[in-house]
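Please read it alongside the sequence and the coordinates.

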Amino acid sequence: MSLTLSCAFATSPQSHEHARIAESLGYERAFFYDSPPLYPDVWVQLCRAAERTEHIGLGPGVLVPSNRHPMTNAAAIATLVDVAGADRVTVAVGSGFTGRMAMGKRALPWAFVAEYVRALQGLLRGEVVTWEDARIQMLHSPGMAPERPIEVKWLIGAGGPKGIAVAHELGDGVFGTVALAGFDWSVALVMGTVLRDGEAPDSERCLAAAGHAGAVMLHYGYEHGLLPEEQAREWLASYQDIPDESRHLAMHYGHLVHVNAHDRAFVTGELLSGFGLTLTGEAWREQLAQIEEAGATEIAFQPAGPDIPGELEALAEAARG
């Protein structure tokens, strides 16, 4: 396999330790999710990881522009660069689909995302940029931040044609939930678990390690008509007792961490295996080969469950055969 092996974490107070373990297992990069209603602050945890690792790449995957003023993110990037070094930092930015849905909002328009990235990149170059009708610039004195320009790698978290166009214009590559062709650097997010010898997809361990991915696919399958009609109707009915204005809160509780009470009856071994989330080592190698053939140059594996170090090790062994 020529795919670069990286990882992604639902940011937690233990993410710095998980990044250290990933580094020891040969993972190239560790991306931390940026969803304040769900996880601890992404920049705090990235800096903690930088202090506890030596060479693994680090960065948010992906920043949600509406979460912070571009100056705030510029200062945060500068802080991470000061701790880790610019060559280790990758900044991924997206339209905030999940990060905003958890707060009852839709994804941002790509025109706004592009404007935000241009401003953020300009600030890091040391330029005066205009934001919200005001001229702003990084005014950090010597010793308060690295000298400008601050040069880091950029990924755009995209899927559709508008996001892909922004990635071509402003990114060094693209970060997607599927493999995206046409880029020299294309990172694909993957989830699931490696089946142990003789293990069934409905084992307690599999449900704990891959249930988070099953819940995501359950939501995705409903939204895109991939679930049987009866199953979709029953799943949606489990949320009907929650008022419309609060339903997004219940739907996102535990997102990419564990299976919430509403989804638990529907996240089964059959669902996990049906979406390719519980595979043997050999089947994982075949799936990764397909991802590479589809255009990805790197995968970012997101482990979950009570044994994240074990999940990282199992996937690394499976990927390398």
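## Sheet, cores and backbone

The strands E3-E2-E1-E12-E9-E8-E7-E4, in that order, form an open sheet of 8 strands with parallel pairing, where two strands pair if DSSP finds at least two bridges between them. Helices (H or I, at least four residues) and strands (E, at least two) are DSSP runs, numbered from the N terminus. This is a predicted model, in which local features need pLDDT of at least 70 and side-chain atom pairs count only at pLDDT 80 or more, whereas totals for chains, interfaces and linings use all residues. Residues are numbered from 1 along each chain as its sequence is written, and side-chain values use heavy atoms, with hydrogens and water left out.

At the edges of the sheet lie E3 and strand E4 (90-94), each of which pairs on one side only, and the twist averages 25° from one strand to the next. Within the sheet, E1 and E2 pair in the parallel sense over 3 bridges, and Cys 7 stands opposite Ala 30 in E2. Helix H2 packs on the sheet, touching E2 and E3, and its direction makes about 175° with that of E3; axes here are lines fitted to C-alpha atoms, for helices over the stretch in contact, and angles run from 0 to 180 degrees between N-to-C directions. Helix H6 (residues 161-170) lies across E7 and strand E8 (173-176), running at about 170° to E7.

Helix H1 (residues 15-24) is mostly covered, with 7 of its 10 residues buried, where buried means under 20% relative accessible area, exposed over 50% and partly exposed in between (1.4 Å probe, protein chains only). The buried residues of H1 pack against strand E1 (4-9), strand E2 (29-32), helix H2 (42-52), E3 and helix H12 (308-320), contact meaning heavy atoms within 4.5 Å. Just after H1, Gly 26 takes a positive phi of about 95°.

The largest nonpolar core has 72 residues, and those with the most contacts inside it are Tyr 27, Ile 77 and Leu 312; such a core is a set of buried Ala, Val, Leu, Ile, Met, Phe, Trp, Tyr and Cys residues joined through side-chain atoms within 4.5 Å. Helix H5 (residues 110-125) contributes the largest share of this core, 9 residues. A second, separate core of 32 residues includes Phe 31, Trp 185, Leu 189 and Ala 250.

Ala 74 is found in helix H3 and, at 0% relative accessibility, counts as buried. Leaving aside neighbours within four places in sequence, Ala 74 is in contact with Leu 120, Leu 123, Leu 124 and Met 138. The C-alpha atoms of Ala 74 and Leu 123 are separated by 6.6 Å, although these residues are 49 residues apart along the chain.

Most residues other than glycine have a negative phi, and most peptide bonds are trans. The table lists departures from both patterns.

| Site | Backbone value | Location |
|---|---|---|
| Gly 61 to Val 62 | cis, omega about 10° | Val 62: loop between E3 (57-60) and H3 (70-84) |
| Arg 148 to Pro 149 | cis, omega near 5° | Pro 149: loop between E6 (134-136) and E7 (153-157) |
| Leu 256 | phi about 65° | loop between H9 (247-252) and H10 (269-274) |

Asp 133 counts as exposed, at 80% relative accessibility, whereas Leu 256, at 9%, counts as buried.
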